[in-house]
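Subject: Handing over the model

Hello,

My notes follow below it.

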Amino acid sequence: MTAPTEGEKRKNAVGLTVRDLAQAAVFAALIAALGLPGTITIGSSGVPITLQTLGVMLAGAILGWRKGALAVLIFAALAICGLPILAGGRTGLVSLTSPTAGFFIGWLPAVIVIGLGTALMMPKYRVIPGFVINVFGGLGVIYLFGTIGLMIRADMTWWAALSTNGIYVTGDLVKAAATALVARQVHRGYPGLIPPLRLNGLRLKRR
């Protein structure tokens, strides 16, 4: 990568450089682009299969929690403002008023969990730990929020709502593995995208 310019080094009030903002915007666009193939709905829950969760995992694994969260926030803000960028041509307001609202809401905590977990193993990205982190954040966190959303919106029991996720597990495991493989190559070619984090007692410190 080329050395950052003075403008790129200049940080804003939240500690992000121009380059950081550009990277977040690119991944927001990637998440939107992954919605273009549309959705496939299986089962009676109405939960669609989309590629956009792959974009969320990639944002966390490649950009880290802060820039990844910004990418998801940019995307969510555009969707809630009325742009039909969710898979199937849905807007954010449509998604938030549907039984699947929890899955959409879960993207933000998921990208944060993946980003933080990835930062803990940096500066060297490893595929197996990365896959586990992607599964925990990409599947565990999103499924948790999605299950709670189905319980509230669809009046399902905990077990009924949780069991609806079963048919999506295989595809999401493939997304988690693909994310880990892509992230390894990106971090090998462009080191320093995610600053390492180290645990010191109960405090998370940047090294």
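Is Leu144 buried, partly exposed or exposed? Leu144 is partly exposed, because its relative accessible area is 40%. The cut-offs are under 20% relative accessible area for buried, over 50% for exposed, and partly exposed in between, with a 1.4 Å probe and protein chains only.

Ground rules next. This is a predicted model, where local features need pLDDT of at least 70, side-chain atom pairs count only at pLDDT 80 or more, and totals for chains, interfaces and linings use all residues. Residues are numbered from 1 along each chain as its sequence is written, and side-chain values use heavy atoms, with hydrogens and water left out.

Overall layout

The protein chain has nine helices and four strands. Helices (H or I, at least four residues) and strands (E, at least two) are DSSP runs, numbered from the N terminus. The order from the N terminus is α-α-β-β-α-α-α-α-α-α-α-β-β. The chain has 207 residues, and 43% of them are buried.

Surface patches

Leu144 lies in helix H7. H7 has the largest share, four residues.

Arg184 is found in helix H9 (residues 169–189). Arg184 counts as partly exposed because its relative accessible area is 30%.

Salt bridges

The structure holds two. The criterion is a side-chain nitrogen of Lys or Arg within 4 Å of a carboxyl oxygen of Asp or Glu.

- Asp20 and Lys67 pair at 3.7 Å, N to O. This pair links distant parts of the chain, 47 residues apart: Asp20 is in helix H2 (residues 18–33), Lys67 in helix H3 (residues 52–80). Both Asp20 and Lys67 are buried.
- Asp172 and Lys175 pair at 3.2 Å, N to O. Both lie in helix H9, three residues apart, about one turn of the helix. Asp172 is buried at 11% relative accessibility, and Lys175 is buried at 10%.

Backbone points to check

Most residues other than glycine have a negative phi, and most peptide bonds are trans. Two places depart from that pattern.

- Met122 and Pro123 are joined by a cis peptide bond, with omega about 20 degrees. Pro123 sits in the loop between helix H6 (107–121) and helix H7 (127–153).
- Asp155 is not a glycine, yet has a positive phi of about 55 degrees. Asp155 lies in the loop between H7 and helix H8 (158–163). Asp155 is exposed, because its relative accessible area is 71%.

One loop serine

Ser98 is in the loop between helix H4 (92–96) and helix H5 (101–105). Ser98 counts as buried because its relative accessibility is 15%. Its side chain reaches the backbone oxygen of Ser95 at 2.8 Å.

Best wishes

Key. Polar contact = N/O pair within 3.5 Å; in protein donor to acceptor, adjacent residues only side chain to side chain.
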